[in-house]
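Here is a short briefing on pockets and their linings. The structure comes before the notes.

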Amino acid sequence: MHFRPALRAFLLASTLLTAVLAVGTTGASAATIPLPASPSNLPAGVESLQPYVGQTVCDPVAKPGVRAFSNLLLDTYTDTTSLGIVRDCGIGGQSEHKEGRAWDWGVSVTNAHQASEVNTVLSWLLRTDGAGNRASAARRFGIMYIIWNKQMWRAYDIDKGWQPYSGADEHTGHVHVSFGWNGAHQTTSWWSGKVAPVEYGPGGKPPVTPQPLPANLLVLATYGSTVLKQPTGTSASRTTADPTPTKLVQKALSITADGDFGADTTAAVRAFQTAEHLTVDGVVDSDDWLALFPKPVNPFGALETAVFGIPGTVVVKGWAADADTQDPLRVHVYVDGSLVLPPLTAGDARPEIEQQFPGMGPELGYT
């Protein structure tokens with residue numbers, strides 16, 4: 001049985017950018033800009049696209065893979081400079097600089113030659129290789145994201161290509177490059193000749209990937225407008241509120257679900273907000289609830305009974321819902337691979353189902 005919504009429309013987003021847009025003033029042609037020399041022992045395979053793994057500890061020591069990458073570019077482009085790898089942990093918010101796995105390449109969009117060098121390097125890093133591996137060189141270095149001239153490229157969101165970046169620093173005077181832990185440790189194929197697995201750093205945990213589930217509808221309806229944040233005052237004040245919503249958030253973040261919205265939970269929320277490009281404040285509001293508990297994308301439902309009647313007939317009963325609409329859905333029934341026409345309409349009242357999945361409307365049943 002296949003459930004289909006009465007009406008569904010999709011708007012295709014902007015086309016994926018596979019090449020770097022021209023930035024800055026026109027300089028030397030790309031043909032006159034050299035590329036860093038490639039190792040002779042590169043394997044056929046490449047690393048997986050680096051997921052987002054944000055800073056979690058204070059360890060401002062330059063990691064070997066970041067130093068090696070910076071030296072590679074500085075040796076190739078001698079008119080450029082380094083603006084540093086590490087940053088003091090007391091400066092600013094979350095940053096891979098504080099773990100020694102980010103580098104600021106000193107170049108300027110107003111310098112025509114440097115702008116051409118940057119365009120050449122970024123095009124090289126994000127180029128699709130002969131085997132169809134997108135951003136193959138960036139993957140061999142373990143690059144997680146790049147920021148340059150008001151734009152940001154994310155390995156963990158590669159389908160969107162270059163996206164507008166609106167941070168306090170527009171990155172017109174340097175290119176920021178953040179690395180995953182395998183790239184930071186210099187274990188990736190560019191350096192070792194072997195494809196390296198993804199590393200998740202000191203925490204050793206994969207990033208949170210929320211699943212769009214029907215059960216999330218009840219969570220959103222019950223707690224979706226609840227604001228959660230780290231309380232102030234005595235420890236006794238922490239126990240006055242209902243711990244249930246905090247526990248739900250902690251489970252979604254894959255951390256200890258003790259109902260205490262303390263420093264560890266705040267840090268986990270901030271890391272999630274950074275990865276999901278939400279407001280990074282450590283406070284859970286309606287946008288964060290929706291990101292942590294996304295609504296199902298496809299229609300869902302159940303075939304509850306199928307009873308054969310007189311020869312050639314069968315009575316089916318069930319329900320169908322779609323988070324995109326409250327209109328009754330059309331349900332197509334297939335018998336032995338053949339479509340039975342006409343389609344049924346899920347227009348029967350099923351209040352118990354609507355109670356389980358709020359917001360779907362009362363007319364969810366079909367017979």
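The lining of the second largest pocket divides into 10 nonpolar, 12 polar and six charged residues. This is a predicted model.

**Second largest pocket**
- The volume of the second largest pocket is about 810 Å³.
- Its lining counts 28 residues, and Gln94, Tyr145, Ile147, Tyr165 and Thr274 are the closest to the pocket centre.
- At least two lining residues come from each of strand E4 (143-148), strand E5 (151-154), strand E7 (174-179) and H8.

**Largest pocket**
- The largest pocket holds about 1100 Å³ of space.
- Its lining is made up of 46 residues.
- Nearest the centre of the largest pocket lie Thr56, Ala267, Ala268, Ala271 and Phe272.
- Helix H8 (residues 263-275) contributes the most to this lining, with nine residues.
- By class, the lining of the largest pocket has 22 nonpolar, 15 polar and nine charged residues.

**Helix H8 in both linings**
- H8 gives the most to the lining of the largest pocket, and H8 also supplies at least two residues to the lining of the second largest pocket.

**Asn149, between two strands**
- Asn149 sits in the loop between E4 and E5.
- Both of these strands supply residues to the lining of the second largest pocket.
- Asn149 counts as buried because its relative accessible area is 16%, under the 20% cut-off.
- Asn149 and Thr172 are 23 residues apart along the chain, yet their C-alpha atoms are separated by 4.5 Å.

Note on methods
Residues numbered from 1 in each chain as written. Predicted model: local features only at pLDDT ≥ 70, side-chain atom pairs only at ≥ 80, totals over all residues. Heavy atoms only, no water. 1 Å grid on protein atoms, 1.4 Å probe; cavity = no way out; pocket = protein on both sides within 12 Å on 5 of 7 lines; lining within 4 Å. Points joined across faces, edges and corners; volume = space filled by probe spheres on them. Helix = DSSP H or I, 4+ residues; strand = E, 2+ residues; numbered from the N terminus. Nonpolar A, V, L, I, M, F, W, Y, C, P; charged D, E, K, R; others polar. Buried < 20%, exposed > 50% of the residue type's maximum accessible area, 1.4 Å probe, protein only.
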